[in-house]
Amino acid sequence: MARPMLQFTRLDQKTPAKRDAETRRRDFDEIYTGFSTEAAGDQASRCEQCGIPFCHLHCPLANNIPDWLMLTAAGRLEEAYALSSSTNSMPEICGRICPQDRLCEGLCVLEQSRHRSVTIGAVERYITDTAWENGWVTPLRPVRELSQSVGIVGGGPGGLAAAGQLRKMGYQVTVYDRHDRFGGLLMYGIPGFKLEKDVVQRRIDHLAASGVTLKAGFEVGRDATLADLRQKHDAVLIATGVYKARALGLAGAETLQGVIKALDYLITANKVGLGDRVPAFEEGTLNAQGKKVVVIGGGDTAMDCLRTAIRQGASSVTCLYRRDRANMPGSQREVDNAIDEGVTFEWLSAPEALLGTGTVSGVQASRMYLGMADGSGRQTPKPLPGSGFTVEADLVIEALGFEPENMPTTLGDPDLAVGRDGTIGVDANKMSSIEGVFAAGDIVRGASLVVWAIRDGRDAAEGIRRYLETKAAGVAGSARAS
């Protein structure tokens, strides 16, 4: 049924139904049920079709959001999918995990005018799930096959997005990943209650059906050096992401039992959910069941740890965050979901010491207040004298963010130039200091969002195309300048 647009004056904003908190805290299934056809069309019809679409302008992928909302409202879903997927390599994934409240929906004109935003993410998910169900998502078939090959180091969102774009252009693409499954943080870092793993695997299988070669369990630096890949391929893309945990910097963090890194914990939980046996989980080291859990940090990774601990049957789950809720870097929707599921938040609280002998028994913390803004524009937390308190803990999870590994050492190539923060420096084409070696995603910009990794992967694919076309024309020495 075709619907007129600008229905925000008649229709209220509605989000997909959430499963009851008491029910969903017992499993790792996605918590949102998804839109019906009628609800998706109605919510899409609320779009104001702005002259200046801020949702589009503030989307890292520059998605044509007003256009595919209009097509959805008109019931033209196959066209809506074609338009959505023309700018986004994984719209069904972004529709589930993008922090829309900080991006497209947060900048929606309706949100700014107090009519409440169009539920863009939920409509995006509906469009693509419908496309999969109806067989509209077909393997990529390039117009012509090219002999040049590209090796991609890292099978996360950035690497997979680049692989799809390059394969569509006709290049022979091989993706190498050190894990036993592809998807990177999509598979192992994000819990199933936000992103069920069959959704990720479906996209990986699509790339394989499109002719992308996937080599799992292959670690560059161990099984081959970067130089080896350069000999094998005409271009190489580094899209490893950043996995090194930021240090807590408190005495006992490295010596007390029961103090663990967020990614170790999440990878284990996801592996168990996928049916793997993980000794550290079975013996309780990376299992929150029956424990008093304290998570230190306030980003999306911290939210994932908190909500995973709830599902594993922790006796209590507490988040310590040194700023207030308004200054949390994670999605506010995730905070709401965590509170609904039973997480306790200690805002404006910073850890000062880990307590315990041999095994952690608690976290000593102080209350904070927000002082003057620092160079980033955020107010600096300062301790309140005499405000110390203790939170009991059997398990402390450090979720303070991630940093790059030592990439020249990891990849076995000392000529790879990195910045002071360890990220790889690239030019406008995403090429690194080594000709023919490109980089994209978190390993370039630092820990960021999945949507930015997809954008970077697509941009890197375009940079690689320009380089390889120039190289094929016989002017490799000038390829960097194209």
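1. Leucine 57 sits in helix α3, residues 54-57 (helices are DSSP runs of H or I, at least four residues, and strands are runs of E, at least two, numbered from the N terminus). Leucine 57 counts as exposed because its relative accessibility is 53% (exposed is over 50%, buried under 20%, partly exposed in between, with a 1.4 Å probe and protein chains only).

2. A quick word on the source: this is a predicted model, where local features need pLDDT of at least 70 and side-chain atom pairs 80 or more, while totals for chains, interfaces and linings use all residues. Residues are numbered from 1 along each chain as its sequence is written, and side-chain values use heavy atoms, leaving out hydrogens and water.

3. Now the aromatics: there are 4 pairs (ring centres of Phe, Tyr and Trp, the last by its six-membered ring, within 6.5 Å; planes under 30 degrees apart are stacked, over 60 edge-to-face, the rest tilted). One of them is tilted: tyrosine 176 and phenylalanine 218, 4.7 Å centre to centre with 45 degrees between the planes. This pair links distant parts of the chain, 42 residues apart: tyrosine 176 is in strand β2 (172-177), and phenylalanine 218 is in the loop between β3 (213-216) and α12 (226-232). Both tyrosine 176 and phenylalanine 218 are buried.

4. Phenylalanine 345 and tryptophan 347 make a stacked pair, at 4.7 Å and 10 degrees. Phenylalanine 345 is buried at 11% relative accessibility, whereas tryptophan 347 is partly exposed at 26%.

5. Proline 385 is in the loop between β12 (379-383) and β13 (389-392), and counts as exposed at 78% relative accessible area.
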